[in-house]
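Subject: Structure handover

Hello,

Here is the structure we talked about. Please look through it; my notes follow below.

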2 protein chains.
Amino acid sequence: MIKKVGENTIKFTLPPKIASGYAIVGPKEGLSPLSSYFDYILKNDAFNEKTYEKAERKMLEQAISGAIDKANLLSTDIDILLSGDLLNQIISASFSARQLQTSFIGLFGACSTMTEALAVGACIIDGGCADKVACATSSHFSTAERQFRYPLELGCQRPPTSQWTVTGAGCTILSRDGEGHNITHATFGRVIDYGINDMNNMGAAMAPAAADTLKNLFKDTNTTPSDYDLIVTGDLGKLGSELLVDLLENYGYKMGENYCDCGQMIYSSSQRTFMGGSGCGCSASVINSYVLSKLDSGDYKKIIIMSTGALVSTTSTQQGETIPGIAHALVIEKGK
Amino acid sequence: MIKKVGENTIKFTLPPKIASGYAIVGPKEGLSPLSSYFDYILKNDAFNEKTYEKAERKMLEQAISGAIDKANLLSTDIDILLSGDLLNQIISASFSARQLQTSFIGLFGACSTMTEALAVGACIIDGGCADKVACATSSHFSTAERQFRYPLELGCQRPPTSQWTVTGAGCTILSRDGEGHNITHATFGRVIDYGINDMNNMGAAMAPAAADTLKNLFKDTNTTPSDYDLIVTGDLGKLGSELLVDLLENYGYKMGENYCDCGQMIYSSSQRTFMGGSGCGCSASVINSYVLSKLDSGDYKKIIIMSTGALVSTTSTQQGETIPGIAHALVIEKGK
């Protein structure tokens, strides 16, 4: 049976269950308004490792093993790890997979990786190709900054449209059966490019793709923003979120009070991150802590989560290319 | 119904069909013993673009549109593009997806990406989550060499264990129904690391992962190498292939005359590529030309294809890390 509804959305017949979620964040994120929701807060952002890259990998490994523990499983119960990250050749994910020793599907969707992994994982579970999968991603301020922008030691001034890459990782365990919240729909996004070429304005680069995916989801499922208790985007930040609301209004969808963005939630305004947080770890840590706990408590019954990615690369930027965006969305309904 | 057989293998209940394959290669590869099988051979390896990165992307775009044409489809018939490549942030794939404007799942599995995409695509189609998907990847000698090793202008001497990154791209269209060869099984690989740290010995880095995946496939399906008309690996090259045969013998499986490696097939010995070809484009171009045509002609009835990836990154190497490998395998049976 084909599970496609409309043009771009998949409706799962046996909704995969969210068995657990685990979030680990850095010290700065630990001072955020959401701090009480995180499973683990680093005391130092090198996580007692020699390099920030090794620290990022250690966070990701802890997120994966933490989520497996919280689901009362063993690592051998996991059929497939789906993971990716921002570092060249997704080394955080690949080396975490070396540690875990399950089958591994490496993904790259920039900061959209959390929902990309969940959507692919849900397809694999719903189709009966796996029983339990782990979906995980990470980012680290210091590894991303020095890979994509400037050496940390340079102490560059940050422009007002910039965002702060979240030091954090998150992992969700999806299961074919058992208890947990249900992933009922997934909408894979398209790569959309409105010609933004400013490495320090990721929100504007991602907003058109976010609007495209959300518009497709609403259309395909014949719903509107008010049908959901929460619509949460990954890391559009303040500017990107405003652009998303504007763009969706052009498509005929009015976003309301139920809309929020992980990038805006993860830092308080006094933390001077300008437009807010970004990075794979942004939506990964917020979804796997605050969002899941609000589903647990019954504050939310039906929500949309959508991580958003800016497909920025120094290799393409050096060739004069613009920065396209992508966003993948999932509908989650509270489980019993 | 759970489709898992054994520990690591998926048996598809409605085997996804290979609707078409398209292969495009560079001028050097056009001189290979397989040249008559390729759909398109570049006259110059810059493909009339200003940079090799843009040339690689153009090849990938042509492979995707060529495969869609050969399947008598329109690009709007494709539900999802699954693609990745070797370049940082998989820019060849992301920017090709921007061109195609279908839903996009970005993957990274180094040179294992062709069978990674096919295996994920097959799960998605078999589960009913899509009707038609395009699985594609590319590599380019000049983009890979300068990203992973040395500037081209330096003219470095190549050590005898080195391989030559294939300039090429391939795309396979998978379909839920219609005619075509059947993907009956998929085995997702694990990340295996035997401690190789030589950027110029990819074959040795990948062989342990290749042996692990193949051993799992044989065990899970209760078959032996002699049950297949062809077992073809991605780009182990001469040394890596010999290591694979040795390692499998330790596991109790004797490889025979039916075993070959795309990396060894794609260049003639007079082309001085030492151990043979490598890169995502190696298995992508050989599988989507020679291998599919031998299934078409009936020379092969039941085969295993397995692309192999070395998870090498300058970021991890600079931190003293070794090079783990991964390999994903598929069983294909000739269609009517």
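What covers the buried residues of helix 4 of chain B? The cover includes helix 9 of chain A. From chain B it includes helix 1 (52–70), strand 7 (132–139), strand 8 (164–165) and helix 9 (314–317). Buried means under 20% relative accessible area, exposed over 50%, and partly exposed in between (1.4 Å probe, protein chains only). Helices (H or I, at least four residues) and strands (E, at least two) are DSSP runs, numbered from the N terminus. Helix 4 spans residues 141–148 of chain B, and seven of its eight residues are buried, so the helix is largely enclosed by the rest of the structure. The buried ones are B:F141, B:S142, B:T143, B:A144, B:E145, B:Q147 and B:F148.

Ground rules. This is a predicted model, in which local features need pLDDT of at least 70 and side-chain atom pairs count only at pLDDT 80 or more, while totals for chains, interfaces and linings use all residues. Residues are numbered from 1 along each chain as its sequence is written, chains are lettered from A and ligands numbered from 1 in the order in which they are written, and side-chain values use heavy atoms, with hydrogens and water left out.

Confidence. pLDDT is the predictor's confidence in each residue, from 0 to 100. Chain A averages 97, and 100% of its residues score at least 70. The model has an ipTM of 0.98 and a pTM of 0.98.

The interface. About 4900 Å² is buried between them, with carbon and sulfur atoms giving 54%. That area is the accessible area (1.4 Å probe) that two parts lose on being put together, summed over both. On the chain A side, A:Q89, A:C129 and A:Q319 lose the most area to chain B, together 14% of what that side buries.

Across the interface there are 35 residue pairs in polar contact, both residues at pLDDT 80 or more. A polar contact is a pair of N or O atoms within 3.5 Å; within protein, one must be able to donate a hydrogen and the other to accept it, and residues adjacent in sequence count only if both atoms are side-chain atoms.

Salt bridges. The rule is a side-chain nitrogen of Lys or Arg within 4 Å of a carboxyl oxygen of Asp or Glu. One joins A:E321 to B:R98 at 3.2 Å, N to O. A:R57, A:R98, B:D193 and B:E321 form a linked network of salt bridges.

Within chain B, B:K70 pairs with B:D39, the closest N and O atoms being 2.8 Å apart. This pair links distant parts of the chain: B:K70 is in helix 1, B:D39 is in the loop between strand 3 (17–25) and strand 4 (40–41), and they are 31 residues apart. B:K70 is partly exposed at 42%, and B:D39 is partly exposed at 31%.

Backbone. A:Q89 has a positive phi, near 55°, and is not a glycine. A:Q89 sits in the loop between strand 5 (80–85) and helix 2 of chain A and is buried at 6%. B:Q101 has a positive phi of about 65°. B:Q101 is partly exposed at 30%.

Best wishes

Conventions: Contact means heavy atoms within 4.5 Å.
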